[in-house]
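Subject: Handover of a structure

Dear colleague,

Please find below the structure that I am handing over to you. My notes on what was found in it follow directly after.

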Amino acid sequence: MTHADQFLTEQGWSPAAAVAFPADWSMRRYARVTRDAAPYRAVLMQTEPNADFLAFIRVAELLKSLGARAPQIYAVERAHGLLLLEDFGDVNCGRLLDAGAPALPLLRRAVDTLCQLQRASLTLNAPDLPRFDTPRLIALLAPLLENFSYNDASGAQQALQEVWQRALEPVVHLPQALLLRDFIPDNLMLLPPDGAIGLLDFELAGIGPIAYDMASLLEHVRRASDSATQETVLDAYCAAWPELDPASFRKSVRLLSVQRHARTFARLKKMTKPDFYIRTYSFLQQSLRHPDCAGVRGWFTTYLPQYFS
């Protein structure tokens with residue numbers, strides 16, 4: 001009997017009823033289990049019993065304390081990285097978008113959820129969560145330096161540091177709140193009976209600028225994004241934060257989109273995901289052409305001219 005089978009048995013679930021389902025980019029493994037007693041369905045999550053595993057547990061409780069919908073944790077086996085979770089089902093915003101559902105109502109609902117969470121966490125005292133300040137945001141760009149070859153590697157590294165130090169100046173002056181990092185349609189589950197949004201994949205959460213999760217929501221590697229819809233969604237977000245300067249906020253979202261796409265573009269260089277690579281490359285090129293991103297565009301054209309010119 002495996003550790004997972006023993007864990008399920010001890011919690012009153014039959015291992016024979018477990019049906020595995022894919023975890024996309026994650027190294028985690030998932031299976032859905034069912035039984036005849038409440039709760040009737042649950043999800044078994046198996047992962048390494050590392051810091052991310054502990055963070056998932058901690059952030060799930062934090063989200064619930066802030067009024068957000070995170071899966072209830074029914075049982076934990078820390079030694080082997082096992083969690084038994086509330087089953088949020090299969091209906092997420094990403095799948096609905098891919099099936100042709102209108103994007104705007106789904107994204108507006110996501111914005112409402114995000115704004116409520118951010119407002120609730122503006123004064124959050126969470127010293128155990130990482131802070132996504134300028135040094136950390138720049139450090140996340142390390143794959144750019146690791147996965148490409150440079151004639152002057154030290155010059156590229158120094159220039160990257162200097163360019164992004166200046167570029168992130170307006171970003172770090174935004175309100176700081178809980179930042180989920182993977183606030184993407186595929187992690188936003190629509191829950192019965194009223195279609196409230198449940199959150200998944202939040203173990204990388206920290207405290208950081210409120211524009212970051214908007215950048216995550218608006219453009220992601222899994223699907224194309226319509227600029228008109230983006231602008232309407234940004235309008236809705238800014239209306240919910242009247243104290244923000246809309247132009248400055250939009251600039252911050254664009255810069256963080258470049259930061260996210262650049263990191264993903266570099267990581268995908270080492271993966272076999274051609275569709276994702278091409279889409280991310282397109283997002284990055286498009287973002288760099290915007291005047292708000294002129295300050296960082298020069299780094300890409302100087303040090304990666306084979307990709308950006």
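With which residues is serine 257 in contact, leaving aside its neighbours within four places in sequence? The model is a predicted one, and in it serine 257 is in contact with Ala215, Glu219 and Ser287. Serine 257 has its place in helix α11. Its relative accessibility is 7%, and because buried means under 20%, serine 257 counts as buried.

Helix α11 covers residues 246-268 and packs with helix α9, residues 211-218, at an angle of about 65 degrees, the axes being 8 Å apart. The crossing of these two helices, α9 and α11, is right-handed. From α9, the contact is made by Ala211, Tyr212, Met214, Ala215, Ser216 and Leu218. From α11, it is made by Phe249, Ser252, Val253, Leu256, Ser257, Gln259 and Arg260. By type, the residues of the contact of α9 with α11 are 8 nonpolar, 4 polar and 1 charged.

The largest nonpolar core has 86 residues, of which Leu144, Met214 and Phe249 touch the most other members. Helix α11 gives the most to this core, with 8 residues. Not counting residues up to four places away in sequence, methionine 214 touches Val111, Leu114, Val233, Leu234, Tyr237, Phe249 and Val253. Another core lies apart from the largest one and has 10 residues, including Phe7, Leu8, Trp13 and Ala75. As a general matter, nonpolar side chains tend to be buried together in soluble globular proteins.

I turn now to the sheet. It is open and consists of 5 strands in the order β1-β2-β3-β5-β4, with antiparallel pairing. Strands β1 (19-21) and β4 (73-77) stand at the edges with a single partner strand each, so one side of each has no neighbour in the sheet. On average, neighbouring strands of this sheet are turned by 25 degrees against each other, direction ignored. Strand β4 is joined by 4 bridges to β5 (residues 82-86), and the two run antiparallel. Glutamate 77 stands opposite leucine 82 in β5.

Two helices pack on this sheet. Helix α1 (residues 3-10) touches β2 (29-34), β3 (41-46), β4 and β5, and its direction makes about 45 degrees with that of β5. Helix α2 (residues 51-65) touches β3, β4 and β5, and its direction makes about 155 degrees with that of β4.

Yours sincerely

Definitions and conventions: Residues numbered from 1 in each chain as written. Predicted model: local features only at pLDDT ≥ 70, side-chain atom pairs only at ≥ 80, totals over all residues. Heavy atoms only, no water. Pairing = 2+ DSSP bridges. Axes fitted to C-alpha atoms, helices over the stretch in contact; angles between N-to-C directions. Contact = heavy atoms within 4.5 Å. Left-handed = near helix turned anticlockwise from the far one by under 90°. Nonpolar A, V, L, I, M, F, W, Y, C, P; charged D, E, K, R; others polar. Core = buried A, V, L, I, M, F, W, Y, C linked by side-chain atoms within 4.5 Å. Buried < 20%, exposed > 50% of the residue type's maximum accessible area, 1.4 Å probe, protein only.
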